Amino acid sequence: MAIYRIAIGSPREASNPAAIRAAFAEFFSMIIFVFAGQGSGMAYTKLTKNGGATPEGLIVASLSHAFGLFVAVSVGANISGGHVNPAVTFGAFIGGNITFLRSILYWIAQLLGSVVACVLLNSCTGGMEVSAFSLSSGVSVWNALVFEIVMTFGLVYTVYATAIDPKKGNVGIVAPLAIGCIVGANILVGGVFDGASMNPAVSFGPAVVSGTWTHHWVYWAGPFIGSATAAILYDNIFIGDDADHEALSNSDF
């Protein structure tokens, strides 16, 4: 089972140069992603003079997040693995591909990166509101929870298939492109219902800057459940006891 490969890691990871560099890579990648994704929504709001949601706006959000994530994953891939998402990090941890202590470093960096991006956006736009994720009218918290679970399952399943699976071969830019595309596609599906976060850090930054925490737990519980489910299923069904798969151990750092 995938859960038997879980590695806690060593406290030395907190001062390990490679781990610190990886955390910084996640921090900067998250700034790139959130600034582009959240910023495009703010730009669209300004262009439409605070007009309501439109199909065009949904497409803009989908494309900006897909493009931004493609770049953010690509620039961080060789240093940190290009997670750019606490849920992706959690899925990698569940499958034994990253230690728990390094995961904590990633989570801190990802959350800080999102907050910094939102603060920069608020400052650059002259104080425009950085909107927190919220549920649309008629959408219950359970509807939104299922949306986040299913969408994040698809995202982390894609990450495993294109970036983590030892049989993936030399995929080059395929992994970042596929990851960006699945996020963009999911936004077209879930964006009008709950914002289609799939990423606790992406939801965290706007919540901190706007001070709005309504139903915020949905944007953590859903992605983490979906991520863990994808990691366990993919690891057990498609990776299994593959000889090329070596989980991290406490002595790796």
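Y234 counts as buried, at 7% relative accessibility, where buried means under 20% relative accessible area, exposed over 50% and partly exposed in between (1.4 Å probe, protein chains only). The model is predicted, so local features need pLDDT of at least 70 and side-chain atom pairs pLDDT 80 or more, whereas totals for chains, interfaces and linings use all residues. Residues are numbered from 1 along each chain as its sequence is written, and side-chain values use heavy atoms, without hydrogens and water.

Turning to the aromatic rings, a search of the whole structure finds 18 pairs. Rings of Phe, Tyr and Trp (its six-membered ring) pair if their centres lie within 6.5 Å; planes under 30 degrees apart count as stacked, over 60 as edge-to-face and the rest as tilted. F204 and W220 are edge-to-face, with 6.5 Å from centre to centre and 90° between the planes. Because F204 lies in helix α7 (residues 200-210) and W220 in helix α8 (residues 218-239), this pair ties together parts that are 16 residues apart in sequence. W220 is partly exposed, with a relative accessible area of 26%. The ring centres of Y234 and F238 are 4.9 Å apart and their planes stand at 45°, so this pair is tilted. Y234 and F238 are four residues apart in helix α8, separated by about one helical turn, and F238 counts as partly exposed at 39% relative accessibility. F204 and W220 also belong to one aromatic cluster, together with F90, F93, F100, W107, W213 and F224.

Helices here are DSSP runs (H or I, at least four residues), numbered from the N terminus. One of them, α6, holds L188, which is partly exposed at 45% relative accessible area.

Notes: Helix = DSSP H or I, 4+ residues; strand = E, 2+ residues; numbered from the N terminus.
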